Amino acid sequence: MKKSELKRALRDAFPARSPAGKRAFLRSLPPAPVSHLRFLLGQAGHIRKSAWAASAAVFALALAVGRLAPRDAVWATAALTPFAAMAAVAEGGRSALYGMEELELSARFGLKSVALARMGVLGLAHALLLAALAPLGPAGLVRTGVYLLTPYLLTALLGMAALRRLRGREGLYAAAAAAVLTAGLSLVLHSGPDAYAPANFRWWLPALAAAAVLTGREYRNTIKRTEELSWN
Amino acid sequence: MDIETIYDKLYRYCCHRLRDTQAAEDVTQEAFARWLAAGVCRTENEALRYLYAVARNLCADEYRRKRLDPLPPDLPGQDIPLESLALRQAVAALSQKEQELILMRYVNCEPVSVIAGALGVSRFAVYRRTSAALAKLRRMLKEDEP
């Protein structure tokens with residue numbers, strides 16, 4: 001008998017009767033633990049296609065503007081990033097929008113983890129897209145990065161605040177309004193005081209810092225709200 | 001991680017060690033309960049190492065606790081081909097440790113790292129011992145050939 005044949009034949013050489021209580025036991029088991037990476041990948045699959053499509057559309061539009069009108073690329077892209085931020089924020093508030101919070105609280109993965117994971121995955125994807133867009137502008141990597149990140153964070157801040165205070169569709173509409181408002185602000189800043197000029201860059205850094213701090217605080221409050229919901 | 005496949009593998013291992021299906025099932029379930037309570041082992045290989053090590057110790061305890069009746073050599077109502085019968089006899093002639101290695105490596109198809117971790121030996125020792133056991137089996141089967 002060849003070695004490979006012997007290995008195959010060995011599989012029948014250890015007979016065992018079918019276990020009688022296997023089905024009942026396996027049914028009684030809690031679900032197997034899932035690694036953080038697997039959980040994140042799983043949640044990435046549950047993010048709506050429209051959220052990915054919105055992010056891709058923002059990226060494609062920014063690239064097109066960069067190609068067609070390089071001088072307007074920075075402010076135009078800055079005016080587009082709020083819509084990507086809105087997609088991420090809306091994804092985090094999806095459970096509340098459809099009135100599924102209580103159901104998700106009792107699910108295997110709690111509402112807090114799911115909201116955190118989805119917003120985190122989309123936020124990371126947007127960070128990568130913004131990082132890819134930053135070198136395209138004529139203003140240099142750091143300046144373009146600041147110009148793009150500030151409206152993004154501002155929209156995330158306003159959107160999360162709106163979704164935390166208003167219930168259901170009203171919250172979503174308010175978040176959308178915040179995105180439109182921030183995009184409009186970029187347009188005004190460009191056409192009015194020319195805020196994207198190098199001389200005015202010094203005002204952007206405190207604005208970015210404030211937006212980052214306030215967004216962090218709002219993010220914490222949003223998560224805290226889901227904890228309170230869980231406690232109730 | 002396919003829990004059902006792991007259950008089947010562990011149950012087969014326990015069946016072989018204990019020669020008692022009920023005791024094997026009890027030990028398999030106890031090993032699973034301990035693994036879940038410990039909350040360790042994220043990957044499948046880590047879980048297998050842990051489960052085999054626990055099952056091995058539980059089998060030793062069970063064996064010490066009561067005298068176990070050996071399984072009937074053949075399952076009722078089964079027609080076993082002559083070649084398979086010779087192989088079973090050859091396997092039965094191996095030492096307990098060799099049978100354990102053969103079962104884990106070639107029947108349950110466990111990676112060497114899992115076997116080494118469960119038995120507390122080096123990977124090299126697992127390679128060496130399984131090769132030696134396989135060679136011994138082939139020799140025995142050759143001797144039986146007409």
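The dialogue below goes through a few features of a predicted model.

User: What should I know about the numbering and the model before starting?

Analyst: Residues are numbered from 1 along each chain as its sequence is written, and chains are lettered from A and ligands numbered from 1 in the order in which they are written. This is a predicted model, where local features need pLDDT of at least 70 and side-chain atom pairs count only at pLDDT 80 or more, while totals for chains, interfaces and linings use all residues.

User: How many helices and strands does chain A have?

Analyst: Helices (H or I, at least four residues) and strands (E, at least two) are DSSP runs, numbered from the N terminus. Chain A has 11 helices and zero strands. In chain B there are seven helices, again with zero strands.

User: How are two packed helices described?

Analyst: The description uses the angle between their axes and the distance between the axes. Axes are lines fitted to C-alpha atoms, for helices over the stretch in contact, and angles run from 0 to 180 degrees between N-to-C directions. In chain A, the axes of α5 (residues 73–92) and α10 (residues 168–191) come within 8 Å and cross at roughly 165 degrees. The two helices α5(A) and α10(A) are therefore roughly antiparallel (under 35 degrees is roughly parallel, over 145 roughly antiparallel, 65 to 115 roughly perpendicular, the rest oblique).

User: Which residues make the contact between α5(A) and α10(A)?

Analyst: Two residues are in contact if their C-beta atoms, placed from the backbone, lie within 7 Å. Among them are W75(A), F83(A) and M86(A) of α5(A), and L172(A), T182(A) and H190(A) of α10(A).

User: Where do R19(B) and C109(B) lie?

Analyst: R19(B) is in the loop between α1 (3–18) and α2 (21–38) of chain B. C109(B) is in the loop between α5 (96–107) and α6 (112–119) of chain B. R19(B) has a positive phi of about 60 degrees although it is not a glycine. Phi of C109(B), also not a glycine, is positive and near 55 degrees.

User: Is R19(B) exposed or partly exposed, and which is C109(B)?

Analyst: R19(B) has 15 C-beta neighbours inside 10 Å, so R19(B) counts as partly exposed. C109(B) has 10 other C-beta atoms within 10 Å and is therefore exposed.

Notes. Buried ≥ 20, exposed ≤ 12 C-beta atoms within 10 Å, placed from the backbone.
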